[in-house]
Amino acid sequence: MEGNQTWESQAWAPSRDWLGPRETRTGPSLASVLNELPSAATLRYRGPGVLPWGTLEEDEDDDEGRSIQAFAEAAQMELHESHPSRELPWPMQARRAYRKSQAREQVTYGSGSRAAHWIRLLSRTKEKMKEGLQTLKPWAWTLKKIGGQFGAGTESYFSLLRFLLFLNLTSSVIQVCMKLLPTWLGGPPPGPPGSDTSSLCGSYSPQTHGLVSFPTQLFNLLSGEGYLEWSPLFYGFYPPRSYLAVTYLCSVFATGLICLLLILHRSVSGLKQTLLAESGVLTSYSHRVFSAWDFGLCGEEHVRLRQRIILYELQVELEEAVVRRRAAGQTLGQRAKVWLVRGLFQLLVLALLGAAVYGVYWVTGYTVTLQETAVVQQTPLLKLAVNYLPSIFISGVNLVLPHVFKFIAPLEGYTRSRQVVLILLRTVALRLTSLLFLLISLWGQITCGGDATADGCKTCGYNYKELPCWETRLGQEMYKLVLFDLLMCLAVTLLYQFPRKILCGLCPGALGRLAGTQEFQVPDEVLGLMYSQTVVWVGSFFCPLLPLINTAKFLLLFYLKKITIFSTCSPASRTFRASMANFFFPIMLLLGLAFSALPVLYSIFLIPPSKLCGPFREKSSIWAQIPESIESLPQTAQNILYFLGTQAFAVPLLLISSILMAYTVALANSYGRLISELKRQIETEARNKVFLAQRAVVLNSQNGAF
């Protein structure tokens, strides 16, 4: 350790230069000034090696060597603690000497230091691999360019679209491996049942043969009937094999679990950004001005993009600051008026939602009546329009009411970010409730309105006369919703947005101003993604290849929206925080996933499966296949699986989970208190700087007077 004494004296030697004879200085002593600081009255942590205020100055004539020795001893104490050199409050020369000393100690101590070296090497390798995976993400440059030109909120939409594309691709791989491969590896699946095949639950004969006209082919493609009805696209195609039934059912739970974990991971990372943004730590103007610039940028285009991103962030901060300042200056009467207006608008929104969901329920029931008329049966195009009537009504409601919500939100006096969140929540409620009432209407048709004693449901437990394969019928409805949503996106882009841009460019006068410039509406687009993904989650059990169709749809949608935003749209005037979007978008996905689990689990546990199609035919319920498969296992495996469902396993698991949760909450509270204390210290240091600046001005004015 002899070398340590050398570098200590050399590293800390420059700290003596500011010491000078007391006789050369006039005015109040440094100790008296420092003792007047706001932080001098508080007990605070100043770190090792920092002496009390004024110690060096008071003892500089007699105890100068002792003071420097105190610094050296404090530095020596810090040497025994393992800290990265960048975290030590030392001069650069002392840090370099410290790193050299650590290197010498590693050679001296041998294996222990080698283990620490390997641990650091593994952590660095992990960081480099993480950075490499970040660079492998598709469309990274495209997203950065969109964020620089249209703001971070628009970039968050494309980031969410990329995430959903990956999610659907993962689900498609699971569906293919656990449904299609077992089907084909077990031999060729049997063909569709013929018209002469009948049982106590009626007959089922999908029309898959014979020459048909082009309108009929188009109708079959868009409705999922005809040759598509008995294909791997739908539930009824899969044969009744025990191992296939198990993998078919397990794929549903595996897909749901993987989607849940991925969305939770994304929402947790977004939550950190949102909490920091809401706390004001990272959204202050000083952070934007002094810490937001990336000095590693190369190229003029990258510099311009970064400038635009900072500009949008400052714009969001200024807009929200104006709203908060206006709200803080309101009187009690003005606040009561604002809350009254918000309550009235909430009642209006609830009335609109109620009218929309009742319309969905009525249209779904009326569609069944129209399908039975002779005119509809004889006209393929009219039959197609009637089959798509619920989808058309739902898409129309989802197209009109969000604009009403968007008109109402600014009148309620919220900030831009809160307005976006409010529009998102209301539109989510609209889309999910409309989908819910569509499923309730279909459930009424399948179960005879929940009356098991009705004539149509008495024999088999479901309406076998009208819906001999009700799972395929549900899959066809979800298939039509996904397909119609894609057709609506294409129609809006090709028949409205591009012609409007052309009209605005060719007519610079009053007609061009009437057309106006288009803005990319992030809330509407995000809710469209969430609605489409929820439909896929609901329908993936009844239409196994629906995630694959949605993958192709999202891939097409990404490039379509990219072309649209760069060629027809201008930067949005309604800006909002990207951190809030990164948190609320996954929350909306979690809500959609929880919503989609309800009809799927209800169908698995409570509705009897179809007796003429699917891998679960002749079973009392879809879930009944799992207990039967467990009984075929060895006795030891059966005992283990049955033990997992007993109270002897559930109660200890609940206790352990409660203990871990309590520990996590206590740890979070301690971290919260530490963060609060650090914030108070930062505020105290800021007041210290203001106080010292004021004293410096006073002393300069006094010296000038003399």
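Searching the whole structure turns up 2 cavities of 30 Å³ or more. A cavity here is a set of points, on a 1 Å grid over the protein atoms alone, where a 1.4 Å probe fits but cannot get out. Grid points are joined across faces, edges and corners, and a volume is the space filled by probe spheres set on the points. The model is predicted, with local features needing pLDDT of at least 70 and side-chain atom pairs pLDDT 80 or more, while totals for chains, interfaces and linings use all residues. Residues are numbered from 1 along each chain as its sequence is written, and side-chain values use heavy atoms, leaving out hydrogens and water.

Let's begin with the largest cavity, whose volume is about 60 Å³. Its lining (residues with an atom within 4 Å of a point) includes Thr364, Asn387, Leu442 and Arg473. Helices H13 (332–371), H17 (416–446) and H18 (470–506) each supply at least two lining residues, and H13 gives the largest share, 4 residues. Helices are DSSP runs (H or I, at least four residues), numbered from the N terminus. By class, this lining holds 3 nonpolar, 5 polar and 2 charged residues; Ala, Val, Leu, Ile, Met, Phe, Trp, Tyr, Cys and Pro count as nonpolar, Asp, Glu, Lys and Arg as charged, and the others, Gly among them, as polar.

Now for the second largest cavity, at about 40 Å³. Among the residues that line it are Leu167, Ser171, Cys259, Trp537 and Pro547. Two or more lining residues come from each of helices H8 (152–185), H10 (242–279) and H20 (522–539). The lining of this second largest cavity has 5 nonpolar and 5 polar residues, with no charged residues.

Note on methods:
1 Å grid on protein atoms, 1.4 Å probe; cavity = no way out; pocket = protein on both sides within 12 Å on 5 of 7 lines; lining within 4 Å.
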